[in-house]
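Please read the following explanation with the sequence and the structure open side by side.

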Amino acid sequence: MLARARSVALIGVDAVPVEVEVDVSPGLPAFNVVGLPDQSVSEARERVRAAIRNAGLPFPAARITVNLAPADLRKEGPLYDLPIALGLLAAQELLPASVLEGTLVAGELALDGTLRPIAGAVNLALLASNLGLPALLPAGNAREAALIDSVTVFGAATLLEAVRHLSGQALLSPTDPPLPDAPSDLHPDLADLKGQSSARRALEIALAGGHNLLLVGSPGSGKTMLARRAPGLMPPLTRAEALEVTRIHSAAGLLTVRGTLTLAAPYRTPHHTVSDAGLIGGGSVPRPGEVSLAHRGVLFLDEFPEFSRKALETLRQPLEDGTVTISRARATVEYPARFQLIAAMNPCPCGHLGDPEKACTCTPLQRTRYAARLSGPLLDRIDLVVRVPRLTVDELTRAPEPEGSGPVRARITAARDLMLARQGGRNTDLAGQQLRKYASLNSGPDAFLRAAARQLGLTGRGFDRVLRVARTVADLAGSGDIREPHLAEAVTYRPRDLT
């Protein structure tokens, strides 16, 4: 007999339908899986055979052929274990075929018949919602998939539970959608950092408008300390943004433990030894990289020049376009990557260039080579560059009590709400006619910006980025118009010679 089950394949962060056809016919016992499976899918034969037998269910001594359609789409991962096993049982008339064909199924089987979580449950639930079908998944994925409130999700702990549910012997209860995570108050407070008023101001502007920020300063000046306060200053995500982030993290397999919708913006901090594929995404089996996991949040790169030159250059396209396209021989995958870059670096290899107490020991050639690790096109995509000088002990003890995270977060949230109400997004996303509309200048500020552009030699990209930063400065000041002081502050942050 022939039985069919409905499952999915993940292409980037999108789930596409896959039909699992199971044919059981007389002949010498054999178990073949076709339809462009990878190694883990081919190995499903042994897992399915052992799981069915250990669950006390009959395994046919016949010729078994499993086809994963469409046949020209690469099938990867162990998520086809459950639909193959259920298809085998339906082909033996142990399950009603119509019920199986009307349910989207995925799950990995252990040898004893228990179901293990899979990656991409949220993406599967989105496809089930679009198709108008319920989803049957491992119990470990049920809460995660139930984040999509327009789909009915059933979570089975074992193969036997899934069989009893589909046969109507013991129906599973639909999984209730989990509540969103409450915003955490455990982030380090900005009040811990004394002094550094210009760097604090630059961080506030960057987080309000979503602009890219580079902090340059000696070791111990507070660059990393300042950047680590960013998560406590960022406004919560909207529900639409949170679902975007959740889809990516689900495809990467990061939600199977937590399984809740987080409204906190992502904050990713990869080490400088990260590979190109780890940073940008890819691999033999394409997976989201750090730039995609930081979508709608912050990617913090400490020791910025220590990252490989090739890895840093791969940032240029996602910084500009907000997406990453990974092309392979078999498929092209696109991942969202609209992240905000915060980077920190020393001013020279020894770290003490401009330090008031320690002399720099680097030669001019060493300093030039160090700064040259960051290409001009990459620096042109950074909106704010700020020097973070190391304060002496006397300066630290005399510094006034710094402002805490609470008031700064309130100003950032108010500015972000103003942007959302005006143009529906952050100022960093303004481009083309939209930028000209919402960042228009009167004659005085326009003449000022043109003169500054000529003096600094701004590129067209740099000109637009100054305009976006000035729009954010005006929003933080509660001003509807961009004025000369707003432009003057934005211009001071443009990247210059780092040596």
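This is a predicted model: local features need pLDDT of at least 70, side-chain atom pairs count only at pLDDT 80 or more; totals for chains, interfaces and linings use all residues.

The paragraphs below take up these topics in turn.

Elsewhere in the chain, 5 strands form an open sheet with parallel pairing, in the order β11-β14-β17-β10-β18. Its edge strands, each pairing on one side only, are β11 (267–268) and β18 (384–387). β11 runs parallel to strand β14 (residues 298–301) and is joined to it by 2 bridges, with tyrosine 267 standing opposite valine 298 of β14.

Both of these regions return when one turns to the aromatic rings, for which the count comes to 2 pairs. Phenylalanine 31 and phenylalanine 59 have ring centres 6.1 Å apart and planes at 40°, so this pair is tilted. Because phenylalanine 31 lies in strand β3 while phenylalanine 59 lies in the loop between α2 (44–54) and β4, the pair ties together parts that are 28 residues apart in sequence. Phenylalanine 31 and phenylalanine 59 are both buried.

In the other pair, the rings of tyrosine 267 and phenylalanine 300 have their centres 6.5 Å apart and their planes at 15°, so the arrangement is stacked. This pair links distant parts of the chain, since tyrosine 267 belongs to strand β11 and phenylalanine 300 to strand β14, 33 residues apart. Tyrosine 267 counts as partly exposed because its relative accessibility is 23%, whereas phenylalanine 300, with a relative accessible area of 3%, is buried.

What does a search of the whole structure find for disulfides? The number found is 0. Cysteine 350 is in no disulfide, and the nearest cysteine sulfur, that of cysteine 348, is 3.5 Å away, where a disulfide would require the sulfur atoms to lie within 2.5 Å. Cysteine 362 is likewise in no disulfide, the nearest cysteine sulfur being that of cysteine 350, at 3.6 Å. With a relative accessibility of 22%, cysteine 350 counts as partly exposed, while cysteine 362, at 10%, counts as buried.

There remain the spaces within the model. A search of the whole structure finds 1 cavity of 30 Å³ or more, and the largest cavity holds about 100 Å³ of space. Its lining includes Leu207, Met234, Glu241, Arg296, Arg416 and Arg426, and by class the lining has 5 nonpolar, 2 polar and 4 charged residues.

The largest pocket, for its part, contains about 700 Å³ of space. It is lined by 29 residues, of which Leu10, Ile11, Glu76, Val285 and Pro286 lie nearest its centre. The elements that give two or more residues to this lining are β1 (2–11), β13 (287–288) and β16 (332–336), and β1 gives the most, with 3 residues. By class, the lining of the largest pocket has 18 nonpolar, 4 polar and 7 charged residues.

Key
Residues are numbered from 1 along each chain as its sequence is written. Side-chain values use heavy atoms; hydrogens and water are left out. Buried means under 20% relative accessible area, exposed over 50%, partly exposed in between (1.4 Å probe, protein chains only). On a 1 Å grid over the protein atoms alone, a cavity is a set of points where a 1.4 Å probe fits but cannot get out, and a pocket is an open set with protein on both sides within 12 Å along at least five of seven lines; lining residues have an atom within 4 Å of a point. Grid points are joined across faces, edges and corners, and a volume is the space filled by probe spheres set on the points. Ala, Val, Leu, Ile, Met, Phe, Trp, Tyr, Cys and Pro count as nonpolar, Asp, Glu, Lys and Arg as charged, and the others, Gly among them, as polar. Helices (H or I, at least four residues) and strands (E, at least two) are DSSP runs, numbered from the N terminus. Two strands pair if DSSP finds at least two bridges between them. Rings of Phe, Tyr and Trp (its six-membered ring) pair if their centres lie within 6.5 Å; planes under 30 degrees apart count as stacked, over 60 as edge-to-face and the rest as tilted.
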